[in-house]
Amino acid sequence: MILEMKVPSPGESITEVEIAEWLVQDGDYVEKDQAIAEVDSDKATLELPAEQSGIITLKAEEGDAVAVGAVVCLIDTSAAKPEGAPVSEEKKVEAPKTEPKKVVETPVKESYATGTASPAAKKILNEKGIESSAIKGTGKDGRITKEDAVKAVPSMGTPTGGNRGESRSKLSMLRRKVAERLVAAKNETAMLTTFNEVDMSPIFELRKEYKEAFKEKHGVGLGFMSFFTLAVVRALEMYPAVNSMIDGKEMISYDFCDISIAVSGPKGLMVPVIRNAENLTFRGVESEVKRLAIRAREGEITVDEMTGGTFTITNGGVFGSMLSTPIINPPQSAILGMHNIVERPVVKNGAIVVAPIMYVALSYDHRIIDGKESVGFLVAVKEALENPQELLMDSDVKKALEM
């Protein structure tokens, strides 16, 4: 029996996928549920499993765009599994070793002309500020010729024998879609960015005191993301316009906080969503961040897990970024950028002290969020991060961390 394998629908609104890579070859015997291909949609990379066991015949090539529901391969389910045969190793015949030919240079006969520049060469060297003693002449008896002088000072931009190769590779469907969305965000929104700085000392002190016990009890680390996520949730409740988006001539506001977190995956940037973050504790946020990050990095993230966020947090600090202007993740209206933490001199109580400082950036759509709201939102995030015990933990650290 010949089974036609068709492209399944990865999710709503997706009409085609791209064959990123065949994991089997034409004519191979495949087992049921064996991964036979990786396919790119405009939102994620997914594995295509074999529906039955048998001999496979490929009907599409890598890089082909295939409509959802189209046949991509045939499986002959009546074919018997071939017996495995050991691969014979061919004897490697080593080429006879040959001694490299020695290049014998004929020594230049030295005379009064050796190292002397010709008038034309001398003029060029003088113009460029090069001593004739630094040039090895190739003229008769070692005289420096005009050509020697010209070669000694190549003009700016002239190729000098270095590697100048180039290569081309097709962008994946996911990368092309990300590019389209980023350009659309720049072109279709009135995007502005506001900045602030956060003294991370209080969070450092909390993590130093409780992170070991937290990890031992809950199995996840007490990282920065839980503090930032809960600070964002608090600020979104204070400034609901930031938790809104434009749909035509209407503004949609949400009474829940679905926080998208940018994660670097093997196929590029992915943005899985933490659902109803307003109901999560520190442990809940850290567990969900870990789960989604692992699924994204292992290529197991689904389209549903990356759809629908109302606000995005991105952390360029893990790559060493000091400051950036993050691009809005449409159709959302704002995104918070975290950056690296650096010890900087700051003034506290009239004295200069050294403190761990992070610069934060909020990019927002000015069509729906006013300057007062954007600045107020970022200040609210700053206040919560600099006073987490009171504003994020209700002055009961152990209860908040479920210790």
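**Burial, contacts and surface patches**

User: How much of the protein is buried?

Analyst: Buried residues account for 39% of the 403 residues. Buried means under 20% relative accessible area, exposed over 50%, and partly exposed in between, with a 1.4 Å probe and protein chains only. This is a predicted model: local features need pLDDT of at least 70, side-chain atom pairs count only at pLDDT 80 or more, and totals for chains, interfaces and linings use all residues. Residues are numbered from 1 along each chain as its sequence is written, and side-chain values use heavy atoms, with hydrogens and water left out.

User: How many helices and strands?

Analyst: The protein has 9 helices and 19 strands. These are DSSP runs numbered from the N terminus: helices are H or I with at least four residues, strands E with at least two.

User: What share of the contacts joins residues at least 24 apart?

Analyst: Taking contacts between residues at least 6 apart in sequence, 64% join residues at least 24 apart. Contact means heavy atoms within 4.5 Å.

User: Serine 244, buried or exposed?

Analyst: Serine 244 counts as buried because its relative accessibility is 0%. It sits in strand E10 (residues 244–247).

User: What does serine 244 touch?

Analyst: Leaving out residues up to four places away in sequence, serine 244 touches Met251, Ile252, Ser253, Tyr254, Ser333 and Ile368.

User: And where is glycine 265?

Analyst: Glycine 265 is in strand E13 (residues 263–265). It counts as buried, because its relative accessibility is 14%. Glycine 265 and glutamate 298 lie 33 residues apart in sequence and 7.6 Å apart in space, C-alpha to C-alpha.

User: Which residues form the nonpolar patch?

Analyst: Phe195, Met322 and Leu323, with about 280 Å² of accessible area together. Patch residues have over 30% relative accessible area and no salt bridge; like charges are joined within 9 Å, nonpolar side chains (Val, Leu, Ile, Met, Phe, Trp, Tyr) within 5 Å. A salt bridge is a side-chain nitrogen of Lys or Arg within 4 Å of a carboxyl oxygen of Asp or Glu.

User: Where is leucine 323?

Analyst: Leucine 323 is in the loop between strand E16 (311–315) and strand E17 (334–338). At 43% relative accessibility, leucine 323 counts as partly exposed.

User: Which residues make the negative patch?

Analyst: Glu21, Glu61, Glu62 and Asp64. Asp and Glu count as negative, Lys and Arg as positive; His and the chain ends are not counted. Each charge is placed at NZ of Lys, CZ of Arg, CG of Asp or CD of Glu. Glutamate 62 lies in the loop between strand E6 (54–58) and strand E7 (65–67).

Conventions. Areas by Shrake-Rupley, 256 points an atom, 1.4 Å probe, with all protein chains shown as cover.
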